Amino acid sequence: MDVQDDLAQRFEEQRGRLRAVAHRMLGSPDEADDAVQETWLRLSRTGAEEVTNLPGWLTTVLSRVCLDLLRARAARREEPYEPPAPESSGAGNLPEEEAVLADSVGLALLVVLDRLTPAERVAFVLHDLFAMPFEEVARVVDRSLPAAKKLASRARHKVRGGGNAVPGGGLDRRRRVVEAFLAAARGGDTAALLAVLAPEVVRHADPAVLPPGVPSELRGARAVAEGTLLLRDRSRFGAVALVDGAPGIVVAPGGRLLCVLRVVVDGERVASYEVIADARRLAAVEVRVLEGVR
């Protein structure tokens with residue numbers, strides 16, 4: 001085996017870990033693959049003789065590639081996101097790529113990470129998710145050690161907040177109700193929806209998220225259940241999160257936020273929910289990861 005083949009084999013042993021790091025930093029499987037490939041190209045140009053700690057070198061180079069991509073993303077003007085068209089079949093199942101996102105990263109976490117600055121995101125992912133020492137994080141983001149720690153601390157607060165306290169208590173109960181509502185919507189289960197919706201439930205929705213001709217306000221369990229199922233395809237991309245301090249739902253195809261559901265729970269049922277899709281209103285909504293829910 002020649003030197004280049006040996007280097008390629010050693011790189012392949014690290015590929016899975018590198019892709020996991022890049023996926024959490026970038027939120028996109030395709031961009032993660034591109035970042036990993038760019039890291040390989042840089043390694044192949046550098047050569048093994050210049051690298052004493054291959055895993056550490058690869059993580060550092062990959063992180064800088066991701067940081068550059070995140071900065072470029074933040075600098076350019078983002079075009080409005082268009083949700084994927086509903087599929088003609090299999091609407092109740094998560095597509096394979098969405099399942100990977102939900103299982104390996106967590107849609108709620110991706111949404112929150114997307115609201116961090118590039119440096120905050122890199123610092124948080126490297127230290128809090130992959131336990132990289134702050135000394136190495138500081139080198140990646142080109143900051144002093146105290147500044148790198150402050151970046152991660154700010155990111156941590158934005159991701160998880162101050163303990164997920166919900167006014168009036170009942171966090172676990174409210175979360176269970178919201179989880180049951182999302183599961184019923186995703187499964188297209190009318191009976192389950194009627195069981196979790198209060199008889200006088202009210203749904204408000206921004207017109208931007210509704211098909212033409214659908215009213216923005218619905219009242220009563222039957223009407224709300226039918227309106228919820230009308231948007232069933234989008235519920236595939238939903239995840240439970242902390243929305244403005246209470247359990248709610250983020251809808252994020254490919255990890256990009258499309259809308260949030262601000263849910264009001266009364267007892268064991270959903271008393272009302274609001275679908276927020278307007279870009280300005282979305283920007284004002286506080287979204288954090290609900291502890292124990294990805």
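Mentor: Begin with a definition: two strands pair if DSSP finds at least two bridges between them. Keep in mind that this is a predicted model.

Trainee: In which sense do β3 and β4 pair, and over how many bridges?

Mentor: Pairing requires at least two bridges found by DSSP. Within this pairing, alanine 241 stands opposite glycine 248 in β4. The sense is antiparallel, and the number of bridges between β3 and β4 is six.

Trainee: Which residue in the turn between β3 and β4 has a positive phi?

Mentor: The two strands form a hairpin, with two residues between them. A phi of about 50 degrees is found in this turn, and the residue that has it is aspartate 244.

Trainee: How many residues of strand β3 are buried?

Mentor: Buried means under 20% relative accessible area. Gly238, Val240 and Leu242 point one way from β3, Ala239, Ala241 and Val243 point the other way, and all are buried. Strand β3 (residues 238-243) is therefore largely enclosed by the rest of the structure, and its count of buried residues is six of six.

Trainee: Which residues are linked with Asp244 in a network of salt bridges?

Mentor: Asp244 is the residue with positive phi in the hairpin turn. The structure holds 17 salt bridges. The residues linked with Asp244 in the network are Asp206, Arg262, Glu274 and Arg281.

Trainee: How many residues apart in sequence are the parts tied together by aspartate 33 and arginine 19?

Mentor: The side chains of aspartate 33 and arginine 19 meet in a salt bridge at 2.6 Å, N to O. Aspartate 33 lies in helix α2 (residues 29-46) and arginine 19 in helix α1 (residues 3-26), so the parts tied together are apart in sequence by 14 residues.

Trainee: Is glutamate 120 buried or exposed?

Mentor: Glutamate 120 forms a salt bridge with arginine 154, with the closest N and O atoms 3.0 Å apart. The pair links helix α6 (residues 118-129) and helix α8 (residues 145-160), 34 residues apart. Arginine 154 is partly exposed at 38%. Glutamate 120 has a relative accessibility of 2%, so it counts as buried.

Trainee: Which helices hold aspartate 128 and arginine 156?

Mentor: The side chains of aspartate 128 and arginine 156 meet in a salt bridge at 2.6 Å, N to O. Aspartate 128 is partly exposed at 26%, and arginine 156 is partly exposed at 30%. The pair ties together parts 28 residues apart in sequence, because the helices are α6 for aspartate 128 and α8 for arginine 156.

Trainee: Why does the pair of phenylalanine 11 and tryptophan 40 count as it does, given planes at 50 degrees?

Mentor: Planes under 30 degrees apart count as stacked, over 60 as edge-to-face and the rest as tilted. The ring centres of phenylalanine 11 and tryptophan 40 are 5.3 Å apart and the planes are at 50 degrees, so the pair is tilted.

Trainee: What is the relative accessibility of tyrosine 273?

Mentor: Phenylalanine 181 and tyrosine 273 form a tilted aromatic pair, 5.1 Å centre to centre with 55 degrees between the planes. The pair links helix α9 and strand β6, 92 residues apart. Phenylalanine 181 counts as buried at 2%. Tyrosine 273 counts as buried too, and its relative accessibility is 4%.

Trainee: Which element gives the most to the lining of the largest cavity?

Mentor: The largest cavity has a volume of about 180 Å³. Elements that give two or more residues to its lining include α12 (232-235), β4 (246-251) and β5 (259-266). With three residues, the element that gives the most is α9.

Trainee: How many residues of the lining of the largest cavity are nonpolar?

Mentor: Of the 15 lining residues, those closest to the centre are Leu231, Arg234, Ser235, Val251 and Leu261. The lining also divides into three polar residues and one charged, and the nonpolar count is 11.

Note on methods:
Residues are numbered from 1 along each chain as its sequence is written. This is a predicted model: local features need pLDDT of at least 70, side-chain atom pairs count only at pLDDT 80 or more; totals for chains, interfaces and linings use all residues. Side-chain values use heavy atoms; hydrogens and water are left out. On a 1 Å grid over the protein atoms alone, a cavity is a set of points where a 1.4 Å probe fits but cannot get out, and a pocket is an open set with protein on both sides within 12 Å along at least five of seven lines; lining residues have an atom within 4 Å of a point. Grid points are joined across faces, edges and corners, and a volume is the space filled by probe spheres set on the points. Helices (H or I, at least four residues) and strands (E, at least two) are DSSP runs, numbered from the N terminus. Ala, Val, Leu, Ile, Met, Phe, Trp, Tyr, Cys and Pro count as nonpolar, Asp, Glu, Lys and Arg as charged, and the others, Gly among them, as polar. A salt bridge is a side-chain nitrogen of Lys or Arg within 4 Å of a carboxyl oxygen of Asp or Glu. Buried means under 20% relative accessible area, exposed over 50%, partly exposed in between (1.4 Å probe, protein chains only). Rings of Phe, Tyr and Trp (its six-membered ring) pair if their centres lie within 6.5 Å; planes under 30 degrees apart count as stacked, over 60 as edge-to-face and the rest as tilted.
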